[in-house]
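Please consult the sequence and structure shown below.

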Amino acid sequence: MGLTSPTFQLVLVLIAVAVCVLVLWQWPRAARKGPLALAGRVGLLVLTQVSILAVLLVAANKEFGFYSTWNELLGRTSSRQAMQPGTDGGKRPPALAVKGQESIGLKGTREKAGQVDRIEIRGPVTGLSMDGYAYLPPEYFQKEHEKEKFPVVVVITGQPGVSKNLITQLKVPQTASSAIMKKEIRPTIYVLVRPSVVADRDTNCTDVPGGPQALAFFNQDLPLAVTDVYRASGAPGSWGAVGNSTGGYCALKLAMTNPTRYGAAAGLSADYFARQDGRTGDLYAGSKAYKNENDLTWRLEHMPPPPVSLLLATSKNEDDYEPSLKFAQKARPPLKADKLVRDEGGHNFQTWREEYPVVLKWLDKELRALADRNGGQ
């Protein structure tokens with residue numbers, strides 16, 4: 001029974017109701033004098049509080065998406081060693097497996113509205129794997145486009161968080177489907193993932209010395225996996241990235257470290273460096289130089305700017321407002337940094353959900369312009 005399944009929530013509610021009924025029934029007996037009666041009262045109160053707390057915690061987890069599976073809750077790693085090239089006669093299996101389709105209420109058939117696949121990415125380079133989703137536009141299934149390859153946008157949720165938040169909370173595939181059907185943006189594949197490549201550690205899309213190679217997973221494994229199975233464009237700079245919070249840092253970082261793949265990226269309430277805490281551990285093996293390399297503002301100041309377009313979405317009352325302005329001020333050609341600044345907005349799903357329609361159109365415009373400069377590829 002899944003941690004976020006409605007059945008599990010219903011079972012907990014029924015248990016809580018049963019416990020409350022039991023307490024009301026047994027309380028007169030427990031109200032007697034004596035140590036056994038006192039212990040009974042304490043036990044009944046604890047049982048009531050635990051059952052109600054369990055319902056509240058599971059509801060909060062479903063709402064905010066802290067953990068999607070029991071393995072994540074218990075801190076068990078989700079990474080698995082993938083088959084490396086050459087272990088099977090020089091061939092490797094596809095690095096992406098489609099597990100089925102996710103029903104999200106798109107209006108129309110897949111030829112009219114598109115489809116969301118549940119996927120597992122199995123990294124042949126890093127040996128890491130991750131579950132996620134892929135939205136395929138309606139043109140992907142239309143006969144007149146059957147040989148066409150599509151641009152890709154990688155969408156990364158915040159930390160802690162699960163990829164399904166991008167569907168249930170931020171409505172990314174629903175927003176993309178509506179915009180594509182209205183011809184507001186080009187048909188595009190959207191890959192929806194979380195930022196951490198292991199369940200028990202916040203890796204901040206960083207290649208940790210002696211640890212998970214998170215940046216390599218996003219820069220190498222994920223593109224390999226998507227192009228293994230889907231008709232995804234391989235033209236230079238034909239991919240985009242977008243994310244919120246930690247996912248925003250990851251998205252900007254992908255474009256800045258791999259511009260031949262990611263031509264444009266948007267960060268919503270993004271960090272500009274990888275914060276270290278108890279969930280991350282030491283991301284840099286104590287190296288100040290390596291820490292600097294993972295600071296996006298430092299990269300602008302000390303390294304040649306890559307030829308990419310970046311969008312910084314923030315609000316005047318958010319903590320990332322001043323860092324976003326500083327980053328934009330440091331930007332110089334060929335890097336372009338646009339800003340989306342709101343007077344009000346918080347570090348929350350509602351703010352990002354309202355920004356996504358604008359951000360997806362901006363990404364499409366920038367990737368389309370890059371394709372035109374590259375001869376329409």
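## Salt bridges

Across the whole structure, a search finds 18 salt bridges, each defined by a side-chain nitrogen of Lys or Arg within 4 Å of a carboxyl oxygen of Asp or Glu. The model is predicted, with local features requiring pLDDT of at least 70 and side-chain atom pairs counting only at pLDDT 80 or more, while totals for chains, interfaces and linings use all residues. Residues are numbered from 1 along each chain as its sequence is written, and side-chain values use heavy atoms, without hydrogens and water.

Arg186 and Asp364 form a salt bridge at 3.2 Å, N to O. The pair links distant parts of the chain, 178 residues apart: Arg186 lies in the loop between helix 6 and strand 5 (189–193), and Asp364 in helix 12 (residues 349–373). Helices (H or I, at least four residues) and strands (E, at least two) are DSSP runs, numbered from the N terminus. Both Arg186 and Asp364 are buried, meaning under 20% relative accessible area, with exposed over 50% and partly exposed in between (1.4 Å probe, protein chains only).

## Nonpolar cores

A nonpolar core is a set of buried Ala, Val, Leu, Ile, Met, Phe, Trp, Tyr and Cys residues joined through side-chain atoms within 4.5 Å. The largest has 54 residues, and Tyr230 is among those touching the most other members. A second, separate core of 30 residues includes Phe349 and Trp362.

## Helix 6

Eight of the ten residues of helix 6 (residues 172–181) are buried, including Val172 and Ile180. Lys183, which follows helix 6, has a positive phi near 65°.
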